[in-house]
Amino acid sequence: MRKKEKTTVRKIENRHTESIFLLIRGVEVGLASGLVCVGYRFALQFAEDGLFKVLDAVKGNALKTALWFAALCVIGVFVALIVRWEPDAGGSGIPQTSGEIRGYFSLKWWRVILAKFLGGTLSVFGGLSLGREGPSIQLGGMAAKGVSRLTRGDITTEKRMISCGAGAGMSAAFNAPIAGTMFIFEEIHHGLDKSIMCMGIVATITADFVSKIAFSQDTVFHYEAETLALRNYWLLIIMGIVFGAAGAFYNVAMVKARELFKRLDKIPDFIKLAIVFLISGTVGLYLPQVLCGGHKMTFFLFNENPSLQLLIVLFVAKFLFGMFSFASGAPGGTLYPLCILGAYLGAIFGDISIDTLSINPDLRQEFIILGMAGLFASIVRAPLTGIILVFELTGNMENLLPLAFVSLTSYAVANIIGTAPFYAILYEKVLENSEDAPDMSESGEKVLQSFNVPIGSALDGKKVSEIDWGKHCLIVSIERNEAPITPKGDTVIKEGDTLVIMISQRRFSRDLKRVYEIINKQ
């Protein structure tokens, strides 16, 4: 028996006794992802501080301004060269990470880390409205892949580690380990796998620990807010409807902007990005608050109490500049910028509500926090992640109920409108040129994948032999009420079962998609 086949058989035999192995791997993933993402946070913080020092130095001086604009052109060209050298480092990196987990790509982990690190830092130093959180998810996943490759992990373990590394990256970026774990299941893995849950919880907590050593244990947002009276909860439903529509519009606008930018294919990328950075420099001279991820805007919003008119100006400017920055394809994420947009839209909604309904003015900060979760839920379509994320960012247990009201309403409204989730759209765009391409697998090793049979699935009540799983898939175990069942042809599948399926790596992406369709068919 070949070594890779022995590895697969051993993993099946040890599936129910591998907890210690998963815990150890979780620590490895958390440490690697945490260290890489902490380094990235330091680099972006240094770049952002340096940017505003430069803007202060050149303001009012024509010669210094001209030199700064020349430097921005050089930065734009260099970023274009970085993205050309490693295209998978462009944008936030979340779709590429999802594609890796599903078998469509095999990213060169060290190149992605290096290119994302350099490109993301330069993009922030140039002022583009891009955040660290999306890139941290990709960096975490690639750091985990590096650990797997260096320790010669099998392919099943590697895919689990990449999933958990992505969650650990989010944990390190936001100091939000629970949200990082939830993000693995809601957005990255799209399903509950107990092995991934075990490894993922350890990885996100470890990454959070590493991050807090570097950046302190304080929550990101500190505020004292009044609690909205239950009789006014109808206002949260209206807020959810507004934010659901806003999130749907955001998704359409961002994708259209990206498509428009790509149509300019006659202009070389280095010229396009040089122009992008020049425009960023112009924005920095007149409206520096909207530059970078939005941390300056957060401080201004919570501490300066801006007027409604100024809130609207900053919200529109941040949206337009963020859309422009995202469309350029420069390395950088949209997670934190969209949270900032949600915060400003929440402040606008709160100010209007307070003025027209004579609500307690102290509730303004509560509306800001609710706005973050509401827009996140409608754009990303991961409401549980959004609720938990905002809770961890604030540490306020009392806002969980209003967060749920706004987030779930916003999520439902966005679904009713019919626009696809933001990262799902980007994922499909990334796959457009590889839909018919062969899997980028490197061996004939088998991958173990767990699938939960949902309520209403067409599989409920059917025998294993009645389903055409494909010749490259084999059900090796069915878990029911925590008890494993050895599947036979006449074994009946029931709702709530967990199917452990062995899939050939050579056809992993195609067969994985096929099994998902079979299991989720109603």
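What follows is a walk through this structure, from the whole chain down to a few single residues. It is a predicted model, so local features need pLDDT of at least 70, side-chain atom pairs count only at pLDDT 80 or more, and totals for chains, interfaces and linings use all residues. Residues are numbered from 1 along each chain as its sequence is written, and side-chain values use heavy atoms, with hydrogens and water left out.

Let's start with the big picture. The protein has 19 helices and 4 strands; these are DSSP runs numbered from the N terminus (helices are H or I, at least four residues; strands are E, at least two). Its C-alpha atoms fill a box of roughly 75 × 55 × 45 Å along the principal axes. For 522 residues, a compact globule would have a radius of gyration near 24 Å, and the protein's 24 Å agrees. That radius is taken over C-alpha atoms, and the globule rule is 2.2 Å times the number of residues to the power 0.38.

How much of the chain is buried? Buried residues make up 59% of the 522, where buried means under 20% relative accessible area, exposed over 50%, and partly exposed in between (1.4 Å probe, protein chains only). As for contacts (heavy atoms within 4.5 Å), take those between residues at least 6 apart in sequence: 84% of them join residues at least 24 apart.

Now zoom in on helix α5, residues 109-125. Just after α5, Gly127 takes a positive phi of about 95°.

Positive phi turns up elsewhere too. Most residues other than glycine have a negative phi. Arg152, not a glycine, has a positive phi of about 60°; it sits in the loop between α6 and α7 (155-174) and counts as exposed because its relative accessibility is 76%. Asn175 also has a positive phi, near 55°. Asn175 lies in the loop between α7 and α8 (177-188), but it is buried, with a relative accessible area of 8%.

Last stop: Ser98, in helix α4 (residues 94-101). At 6% relative accessibility, Ser98 counts as buried. Which residues does Ser98 contact, leaving aside its neighbours within four places in sequence? They are Glu187, Ile188 and Tyr427.
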